[in-house]
Amino acid sequence: MLVVIRGGGDLATGTALRLYRAGMEAVLCETAAPTSIRRTVCFSEAVRLGEMEVEGVSARLAVEEEVPALLAEGIIPVLIDPEARCVRSLKPDAVADVILAKRNLGTTMDMAPAVVAAGPGFTAGKDCHAVVETMRGHYLGRVIYQGAALPNTNIPGLIGGYAGERVLRAPADGVFQGARQIGSRVEAGDIAGYVDGVPMLCTISGILRGLLADGTAAARGMKSGDVDPRCQPDHCTCASDKALAVGGGVLEAILHLTGALRGNA
């Protein structure tokens, strides 16, 4: 089964891992300048580095003509194709929108027999066949076949007793330059990076779990870093509980939808 995934950030990567390990083939569609912050667990890094490995699974930057050969090697192709135009020629069994833009950036129900979208901005039965809940809590990863996910609150989920405090935001408009590395131990008040020379300070102590890549264009208030107060360095190198929960929901939805369309569910 072939699935085109829109997005290459940490939740899209967790989804790709779930599908890959379930025996499906995944192709990721990303932008030419990804803004992922949890870069050590994001297949979007293949755009910048050419190749990326997460939890033993490899992804490689490719053009559409290289997709069949890479899939045959067990490598996940990453295409610079933000509009997912490859869907027309690849004709996948399913499309999963895991961009997490909090709005629909062009995903439609006619893209594939099963179209699944993660998070707010989509309505099952209108934009897609199913929606997967992305808000931390009781409903995380739940599949919705009629209706929408919970609305965006703009408040990050609670981790280690902290919510909004753990997210680092760009202090100005400009180009980001990191001052620390992902995986570094930081204290409240430490400088994690700069935007146009303005320091971006850590607001809590912990492990720097995510940080924009150097040279990334940032707008004031843009999410640019993430401090994990649980201080577990290995969290920086494996998919999160949230990413795997969302990925599990996407996997469930695809299996359910494709089975129903064949009359086997």
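This is a predicted model: local features need pLDDT of at least 70, side-chain atom pairs count only at pLDDT 80 or more; totals for chains, interfaces and linings use all residues.

Trainee: How many residues does helix H1 have, and what does it reach from its first C-alpha to its last?

Mentor: Helices (H or I, at least four residues) and strands (E, at least two) are DSSP runs, numbered from the N terminus. The expected span of a helix is 1.5 Å times one less than its number of residues. Helix H1 (residues 10-21) has twelve residues and reaches 16 Å, close to the 16 Å expected. Just after H1, Gly23 has a positive phi of about 90°.

Trainee: Which residues of H1 are buried?

Mentor: Buried means under 20% relative accessible area, exposed over 50%, and partly exposed in between (1.4 Å probe, protein chains only). The buried residues in H1 include Leu11, Ala12, Leu17 and Leu19.

Trainee: How do strands E3 and E4 pair?

Mentor: Strands of a sheet pair through backbone hydrogen bonds, either parallel or antiparallel. Two strands count as paired if DSSP finds at least two bridges between them. E3 and E4 (residues 57-62) are antiparallel, over four bridges; Glu53 has Ser58 in E4 as its bridge partner. The two strands form a hairpin with two residues between them, and Glu55 in the turn has a positive phi of about 50°. On E3 (residues 51-54), Met52 and Val54 make up the covered face, and Glu51 and Glu53 the uncovered one.

Trainee: Is Glu45 buried or exposed?

Mentor: Glu45 counts as buried because its relative accessible area is 7%. Glu45 belongs to helix H2 (residues 45-49). Contact means heavy atoms within 4.5 Å; beyond its neighbours within four places in sequence, Glu45 is in contact with Arg39, Gly50 and Met52. A polar contact is a pair of N or O atoms within 3.5 Å; within protein, one must be able to donate a hydrogen and the other to accept it, and residues adjacent in sequence count only if both atoms are side-chain atoms. The side chains of Glu45 and Arg48 make one of 2.5 Å.

Trainee: Where is Ser240 found?

Mentor: Ser240 is in the loop between strand E19 (223-228) and helix H5 (241-261). Ser240 is buried because its relative accessibility is 9%. A polar atom of the Ser240 side chain lies 3.0 Å from the backbone nitrogen of Ala243.

Notes
Residues are numbered from 1 along each chain as its sequence is written. Side-chain values use heavy atoms; hydrogens and water are left out.
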